[in-house]
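Thanks, everyone. Let me put the model up, and then I will walk through it.

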Amino acid sequence: MAQVKIYTTDFCPYCIKAKNILSSKEIEYEEVNIHGEAKLRDELEQLTGRRDVPQIFIDGKHIGDDDALEELVASGELDKIFGVEEKNDHAPESRNVIIIGSGPAGFSAALYAARASLKPLLITGGEIGGQLSTTADIENYPGFNGESSAELIQIMQAQAEHFGTEILFDTVTEVTFSQQPYRIKTYEPEFSAKSVIICTGASHRKLNVPGESEFAGRGVSYCSTCDGFFFQNRSVVVVGGGDTAVEETLFLTRFASEIYLVHRRDRLRASSILQERILNHEKVKFIWNSVVEEIQGNEKGVTAVRLKNVKTNEETLHPTEGVFIFIGHIPNTEIFKGQIELNEQGYIITDKRQHTSVPGVFAAGDVQDHIFRQAITSAGTGAAAAIEAEKYIAEIEHRAYPGR
Ligand code: NAP
């Protein structure tokens, strides 16, 4: 059996994703957690040239990160390497309700559907916890005041499971909503479901400037809780002016020697409580009215960003070893295109009861909300979607909906 080694840090959702992929295939692995282990971190960087985790090795060969592992799964290569037997093409497993996504919306939907005795299946997607998993501490979820997001996710998952939710660590690759029951394909089994609740959230937006893809993982990062440790005593740049950019900058102050926050305007979009914390922080300096035009580097990784002042058009080269990009999100709706109605920005269109354009398919959380995008509002819409799913199933089964 091939030997798998996976380098991880604490608070890294992509590491959890990679471990879940391996566990779902019953592949054993050795985990090397480099959090706080400067020697191991430097060894890993020397070995791979990468400044991000997870990094995965199979029989001593460097495979790459979680995306590389996912590509091996999609191509069937991983199964070949480990002799995982292909599952026979059974008829799809049939379910009452399938929830796609494992952020606050997904877990709330699961909790409500489970308590309605619908025995929901929740398919986690790549990052359990969704965007919440890349946040350090939670201060604005009632009942939570500074505890870690990992703790909140664990509690949500445990509560949903306690009432009968089945959790599948897999990714939905295709859906068919043209006829009942709806079809959901994952890397492994295929399912059919009477009702589907889409809670796939949103993913980080990219700058789309030269050097960004080239130096991803070699200085360019979208997750300070995952990769901040690689930048101990280094000077880094953060791009963005919203809550995420400010929160992630505050997290980076634990590691980096100095942080330059580059924002395209002259004032932050972030909430005032976060602004208060950052504006006079000794490690943080601001480069206002500026955008990153290019990320430069060499074989070791990022060395500088080329900045342009949008007011004066002046260009400057700013030396740095890390660029953390937090410029908003795009909804994860690629697999739903052509199946349900999306708006121009790609968000799922829902009514006030979380119904989409397809009866019995509901959406909740950031995948359908470009306004509030808070953990607590996502959780609320997840609960509402599950209540509506319960009603819908009762209707198609010609049962009276309880309480009506
Ligand atoms: P956001 O609020 O959309 O902010 C994105 C930031 O990136 C903005 O400052 C924007 O500039 C800038 N930006 C966008 N495109 C850019 C580009 N191409 N180049 C340079 N800069 C660009 O996104 P977010 O900060 O990820 O927050 C998303 C939502 O989650 C928000 O509703 C936020 O309140 C919420 N959130 C809440 C918390 C919390 O409550 N603790 C934490 C994180 C996120 P402009 O300002 O000029 O538009």
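A definition before anything else: helices (H or I, at least four residues) and strands (E, at least two) are DSSP runs, numbered from the N terminus. This is a predicted model, so local features need pLDDT of at least 70, side-chain atom pairs count only at pLDDT 80 or more, and totals for chains, interfaces and linings use all residues. Residues are numbered from 1 along each chain as its sequence is written.

With that, take Gly164. It lies in the loop between α6 (149-162) and β9 (166-168). Gly164 has 16 C-beta neighbours inside 10 Å, so it counts as partly exposed. The scale runs like this: buried means 20 or more other C-beta atoms within 10 Å of a residue's own, exposed means 12 or fewer, partly exposed is in between, and C-beta atoms are placed from the backbone. Leu121 is 43 residues away from Gly164 along the chain, yet their C-alpha atoms are separated by 9.0 Å.

Now the whole chain. It has 10 helices and 23 strands. Of its 404 residues, 45% count as buried. The C-alpha trace spans about 65 × 50 × 40 Å along its principal axes. The domain assignment gives domain 1 (4-81), domain 2 (93-203 + 329-396) and domain 3 (220-325). Those bounds come from an automatic or database domain assignment. The C-alpha centres of domain 2 and domain 3 lie 32 Å apart.

Next, the ligand. Which domains give at least three residues each to the shell around it? Domain 2 and domain 3. There are 20 residues around the ligand, and Gly241, Gly242, Thr244, Arg269 and Gly328 come nearest. Near means that the C-beta atom, placed from the backbone, lies within 6 Å. Helix α8 (residues 243-252) gives the most to this shell, with 4 residues. By type, the shell has 6 nonpolar, 8 polar and 6 charged residues. Here Ala, Val, Leu, Ile, Met, Phe, Trp, Tyr, Cys and Pro count as nonpolar, Asp, Glu, Lys and Arg as charged, and the others, Gly among them, as polar.

On to a sheet. It is open, has 5 strands in the order β14-β21-β15-β16-β17, and pairs in parallel. β14 (220-221) and β17 stand at the edges with a single partner strand each, so one side of each has no neighbour in the sheet. Pairing requires that DSSP finds at least two bridges between two strands. β15 (residues 235-239) and β21 (residues 322-325) are joined by 4 bridges. Within that pair, Val237 has Val323 as its bridge partner. β16 (residues 258-262) and β17 (residues 284-287) also run parallel, joined by 4 bridges. There, Tyr260 stands opposite Lys285.

Most residues other than glycine have a negative phi, and most peptide bonds are trans. Val53 and Pro54 are joined by a cis peptide bond, with omega about 0 degrees. Pro54 is in the loop between α2 (38-48) and β3 (55-58). Asp59 has a positive phi, near 50 degrees. Its loop runs between β3 and β4 (61-64). Asp59 is exposed, with 11 other C-beta atoms within 10 Å. Asn233 has a positive phi too, near 60 degrees. Asn233 sits in the loop between α7 (224-227) and β15, and counts as exposed with 9 C-beta neighbours inside 10 Å.
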